[in-house]
Amino acid sequence: MSKTLTTHTGFCFEVRAARPEDEPTLAEFFTHVTPEDLRFRFLGAVREVSHERLVAMTRSDDTHIHNFLAFAPGGMLIAVATLASDPADRRGEVAVCIRDDHKHLGVSWELLAHIARYADEHGLESIESIENRENRAAIELEREMGFTVTTDPDDPTLVLVQRKRGAKLPK
């Protein structure tokens with residue numbers, strides 16, 4: 001199932017679940033992501049996304065892991081997101097990554113809002129993301145969307161952002 005989303009800038013894109021045949025497209029996508037964004041997405045030094053990670057992002061047979069791909073008109077992959085829930089489907093962790101040349105169009109906002117609605121519809125009590133404290137743009141976006149931000153008690157370089165089910169999403 002796919003859905004067309006429109007950002008506040010008027011940019012339209014299609015979101016759908018990842019499929020096994022998307023692996024080469026996903027590998028190519030990550031060559032257009034900045035090293036800093038790779039570090040923020042995977043919370044560590046990553047020069048190249050491994051085959052194993054690409055497989056995990058395209059071939060999930062785990063009903064608790066949902067991988068979303070966002071495509072621009074014309075078919076270019078511009079963003080990827082993962083929502084992974086705990087075994088009881090009560091809490092989900094979300095991670096989003098945007099192609100460098102498609103930032104500042106509202107894609108992150110709309111994709112995260114889409115995932116929040118998806119999580120609400122599937123009964124997750126909350127969604128959260130672990131962010132590097134240096135990832136100010138993502139933290140501010142999440143704060144604007146109603147996520148609460150707290151310091152990770154085990155690692156002062158990280159923050160935990162969390163949204164409770166049903167929390168109103170700003171337009």
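Here is a short tour of some salt bridges, one selection at a time.

Before you click, know that this is a predicted model, where local features need pLDDT of at least 70 and side-chain atom pairs count only at pLDDT 80 or more, while totals for chains, interfaces and linings use all residues. Residues are numbered from 1 along each chain as its sequence is written, and side-chain values use heavy atoms, with hydrogens and water left out.

The structure holds nine salt bridges (a side-chain nitrogen of Lys or Arg within 4 Å of a carboxyl oxygen of Asp or Glu). We'll visit some of them.

**Stop one: select R59 and E23.** Their side chains meet in a salt bridge, 2.6 Å from N to O. R59 sits in the loop between α3 (51–58) and β3 (65–71), while E23 belongs to helix α1 (residues 23–29), so this pair ties together parts that are 36 residues apart in sequence. (Helices, H or I with at least four residues, and strands, E with at least two, are DSSP runs numbered from the N terminus.)

Is E23 buried or exposed? E23 is buried, at 12% relative accessible area, and R59 is partly exposed at 39%. (Buried means under 20% relative accessible area, exposed over 50%, partly exposed in between, using a 1.4 Å probe and protein chains only.)

**Stop two: select R99 and D101.** Here the salt bridge spans 2.7 Å, N to O.

**Stop three: select K103 and D100.** This salt bridge has an N to O distance of 3.8 Å. K103 is partly exposed at 30% relative accessibility, and D100 is partly exposed at 40%.
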